[in-house]
Amino acid sequence: MAATLETAEQVRAVTEQKYKYGFFTDIESDTAPKGLSEDTVRFISARKEEPEWLLEWRLKAYRHWLTMEEPNWGKLGYPPIDYQDAYYYSAPKVANKPKSLDEVDPELLRTYAKLGIPLKEQAILAGVEGAGDSPSIAVDAVFDSVSVATTFKKNLEEKGIIFCPISEAVQNHPELVKKYMGSVVPYSDNYFATLNSAVFTDGSFVYIPKGVRCPMELSTYFRINAKNTGQFERTLIIADEGSYVSYLEGCTAPQRDENQLHAAVVELITHDDAQIKYSTVQNWYPGDENGKGGIYNFVTKRGACRGKNSKISWTQVETGSAITWKYPSCILQGDNSVGEFYSVAITNNRQQADTGTKMIHIGKNTKSTIVSKGISAGKAQNTYRGLVKILPKADGARNFTQCDSLLIGDKCGAHTVPYIESRNRSARVEHEATTAKISEDQMFYCQQRGLSSEDAVSLIVNGFCKEVLKELPMEFAVEAQKLVGISLEGSVG
Amino acid sequence: MAKTVTITDTPAPAVQPYLDHHGRVASSLPGGDLSWLGNLRAEGIARFRKQGFPGARVEAWRYTNLRPLEKVAFEPAPAGGGPSAAVSVDLLPTVMPAGQPSHRLVFVDGAFRDDLSSIGTLPEGAVVTSLGHALNSHADLLERHLGRVGVTDSNPFQALNTAFLADGVVVHLPKGVAVAEPIEVVFIGTGGVSEKPTMHHPRILVVAEANSEATLVEHHLGQGVGTYFANHVTEIVAGEGARLHHYKVQRESTLAFHMATVTADLAKDASYDNFVLTMGGRLSRNEIKPVLNGTGVECRLSGAYMVNGQQHCDTTTVIDHAQPHCTSREVYKGVIDGTAKAVFQGKIIVRPDAQKTDGYQLNRALLLSDTAEIDSKPELEIYADDVKCSHGATAGELDDDQLFYLRARGIDLESARNLLIAAFLADAIEEVRIDTVREAFQGMVTGWLKTQRA
């Protein structure tokens with residue numbers, strides 16, 4: 001088939017594209033000794049000047065982790081990870097914490113500039129305080145493992161919003177951290193979450209007080225930098241009664257030959273009438289065309305809709321990483337609470353993605369929507385794995401799930417593994433899944449109207465993903481659309 | 001959590017009795033002079049020993065708990081039906097209407113009953129006989145095909161059946177031969193007739209050569225009051241262009257355990273359709289695994305299940321598209337009442353070369369009570385790009401608007417509900433292509449509804 005050959009040709013062309021964000025910033029790191037032991041855990045805790053209870057919690061997690069086995073149920077293949085052959089702590093050396101962006105290592109700022117994240121510009125942009133016409137973004141930049149720049153803190157403080165590195169929250173708001181951390185993802189939850197609990201280095205902490213609508217999008221740009229450093233982020237977002245926050249997470253990582261482990265934990269909590277919108281664009285280094293290098297991304301993301309009428313919405317665009325193992329989930333405890341999961345996962349070359357969601361309906365009239373779009377090209381494997389569980393008391397619960405897969409080329413795979421468990425008769429659960437390729441008719445239609453084959457593919461794929469992309473905040477939508485284009489440039493079906 | 005595979009020399013406690021029984025009866029099973037058969041059985045018990053009874057950690061069994069089965073000490077049913085020889089033909093409910101020519105084989109507790117069966121006249125060359133007889137008359141055919149289709153290490157019941165293989169049905173259709181009338185096989189489990197719980201392991205082997213055609217109707221029912229374990233395996237080999245219709249109704253006693261494994265190897269342009277109506281059994285599972293091994297195969301799997309009380313019914317299908325240009329279609333619908341639980345696991349695999357595959361799957365469940373449960377896992381595993389595959393799954397209760405519509409027209413609640421349930425199931429039952437069978441199945445659904453509370 002000519003079309004297939006052509007596709008293969010073009011996918012190869014895409015393959016040869018060098019990772020745009022592949023560079024390495026040379027900043028001196030303050031690094032923990034290689035390997036993982038109780039000493040490593042103590043080292044991290046000491047570096048962070050953590051209280052005793054947190055160290056105990058970490059050690060409890062570490063000891064539990066030793067008894068656990070690495071999960072192997074995902075449709076993923078990778079060489080065994082040597083947990084002793086990695087550094088678990090590395091912090092950019094800063095004599096004193098920077099008081100303003102000017103004090104931040106210029107090298108670091110240059111890194112952000114290369115990534116197209118003009119921090120300074122944003123600072124200026126946000127200087128429009130009060131005007132509120134243009135949407136602004138607050139960035140809690142995570143460079144390697146320690147947050148070195150937190151912007152617009154003041155702006156937020158006025159509203160009573162806490163947005164800071166989690167290590168800072170441990171110092172300044174221990175009662176909140178103690179109360180909520182591990183309450184959604186317990187330290188014993190799963191292999192990777194437990195590892196994270198033991199050695200997490202930093203991440204963001206957000207607390208939105210009662211009735212406050214966060215005036216700007218909160219954002220953390222993650223970056224894996226120091227060689228061989230696994231990143232163990234821990235993010236905790238609490239939306240108190242009637243509050244609202246939109247949180248953006250975006251990631252790029254420098255090109256690297258050794259696989260890097262990333263095991264983050266994100267916990268979201270919404271109280272009555274509160275809402276959290278969590279958006280991710282993940283573009284870590286996926287490895288080269290032979291699957292060499294690339295990030296191993298084993299993430300545990302979970303939100304608990306504790307209060308009535310609360311809502312948690314996950315939107316993710318996953319284009320990077322060699323391995324993606326990620327299931328952002330919602331526990332719908334409060335009556336009338338709503339969970340959403342919108343996902344685009346694009347895999348190319350030898351990338352493997354096993355991603356999806358869990359919607360656990362506990363409260364009455366809880367609703368969930370799942371829209372997953374998987375695009376697989378090259379020799380990639382793309383799996384949707386999801387669970388919808390309706391518990392006996394979830395009267396009137398409602399779920400709608402749509403999983404679509406698009407295959408580009410005949411060497412890739414697309415898989416759908418949904419689990420649907422209903423124990424309440426008044427609940428309505430609907431699941432649909434389709435698999436198809438870009439049809440020759442669609443291509444012909446576009447090209448006949450003068451679009452180049454590349455534009456046609458981009459158009460069709462963006463159309464395929466539209467339902468998800470439209471859920472992204474404006475700031476991200478542009479980047480995401482570009483990413484979709486870049487990932488599949490030239491791959492005409 | 002990680003799946004742990006424990007390999008030990010000592011089999012699990014629940015497994016040991018089966019090994020003991022095997023050791024005791026193996027030498028006295030029919031066909032003892034055939035060395036290949038002895039080897040096959042030995043291999044079967046070895047496989048069973050290796051697998052044991054899978055727990056919830058084993059993905060294929062995550063929703064079906066085998067503990068209730070493991071707890072009962074079953075003994076092999078006595079050869080020749082034993083005391084159950086008392087079953088008289090007049091009591092036999094049949095699927096096919098009386099008075100029409102048919103080919104009927106009756107088994108009581110897994111043993112063929114010549115006196116109750118009437119094989120009738122067959123086209124020249126066609127063979128329909130009991131496996132016990134075939135071991136004498138068609139040993140070559142059996143040696144070539146028995147235990148060859150879809151043998152895996154992920155189904156202990158298939159292995160267990162092979163280990164105790166003694167009787168069953170053999171159908172052989174030479175090239176171009178069509179058996180017009182359905183071949184009806186009746187399996188009766190008597191449970192309580194003998195004092196101890198018994199188990200039987202019937203095997204059906206269908207070898208359909210090129211362009212042959214037949215309809216197989218299985219009727220499983222329970223009589224008596226005790227528990228028993230019916231462990232069925234059906235192997236189907238369909239040659240080029242062969243057409244097989246395979247329909248089954250399972251009305252075992254609600255104390256019975258019913259495990260059925262169907263494997264099929266379908267050659268170019270073959271067509272195979274399978275329908276299972278599940279009504280009985282305390283714990284039942286239908287595992288249907290066709291491999292579409294040539295181009296142009298058409299495979300249709302469908303079924304309806306109606307469970308109540310403490311019943312647990314499991315439908316597991318794996319359609320393996322190994323070759324291009326094949327079509328598969330699945331329609332399963334179920335009604336769950338009481339504290340019953342239904343499981344549906346449907347997997348469609350499209351192999352790398354199976355371009356132009358068209359696969360469709362639907363599973364819909366109606367929950368009629370507050371304690372009913374449905375667990376559904378429709379799964380797509382696709383390695384080819386030029387394919388069209390979809391699946392849909394729903395769970396819910398009867399639509400209030402529809403009920404209101406009917407009741408506003410003067411139909412009482414019970415009739416309205418039954419009407420809607422019958423209509424719901426009809427979508428699946430309509431997949432049955434043979435009129436007489438479809439009508440019989442519809443009648444059974446109506447009968448079932450009448451016995452239910454409103």
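In this predicted model, chain B meets chain A through 34 residues of chain B in contact with 34 residues of chain A. Two strands of chain B, strand 20 (373-382) and strand 21 (388-396), each supply at least two residues of the side that touches chain A. Strand 20 of chain B gives the largest share of that side, with ten residues. Sorted by class, the side of chain B that touches chain A holds 16 nonpolar, seven polar and eleven charged residues.

Let us step back to chain B as a whole. Chain B has nine helices and 21 strands. Its radius of gyration is 21 Å, close to the 22 Å that the globule rule gives for 454 residues, so chain B is as compact as a globular protein of that length. Along the principal axes, the C-alpha atoms of chain B fill a box of roughly 70 × 60 × 55 Å. Of the 454 residues of chain B, 55% count as buried. Among contacts in chain B with a separation of 6 or more, 84% are between residues 24 or more positions apart.

Finally, a helix pair is worth a visit. Two packed helices are described by the angle between their axes and the distance between the axes. For helix 7 (residues 400-408) and helix 8 (residues 413-429) of chain B, the axes come within 9 Å and cross at roughly 130°. Helix 7 and helix 8 of chain B are therefore oblique to each other, and their crossing is right-handed. On the helix 7 side of chain B, the contact is made by Q402(B), L403(B), L406(B) and R407(B). Helix 8 of chain B brings L413(B), A416(B), R417(B), L419(B) and L420(B) to the contact. By class, this contact between helix 7 and helix 8 of chain B has six nonpolar, one polar and two charged residues.

Technical notes. Residues numbered from 1 in each chain as written. Chains lettered and ligands numbered in written order. Predicted model: local features only at pLDDT ≥ 70, side-chain atom pairs only at ≥ 80, totals over all residues. Helix = DSSP H or I, 4+ residues; strand = E, 2+ residues; numbered from the N terminus. Rg over C-alpha atoms; globule rule 2.2 N^0.38 Å. Buried ≥ 20, exposed ≤ 12 C-beta atoms within 10 Å, placed from the backbone. Contact = placed C-beta atoms within 7 Å. Axes fitted to C-alpha atoms, helices over the stretch in contact; angles between N-to-C directions. Parallel < 35°, antiparallel > 145°, perpendicular 65-115°, else oblique. Left-handed = near helix turned anticlockwise from the far one by under 90°. Nonpolar A, V, L, I, M, F, W, Y, C, P; charged D, E, K, R; others polar.
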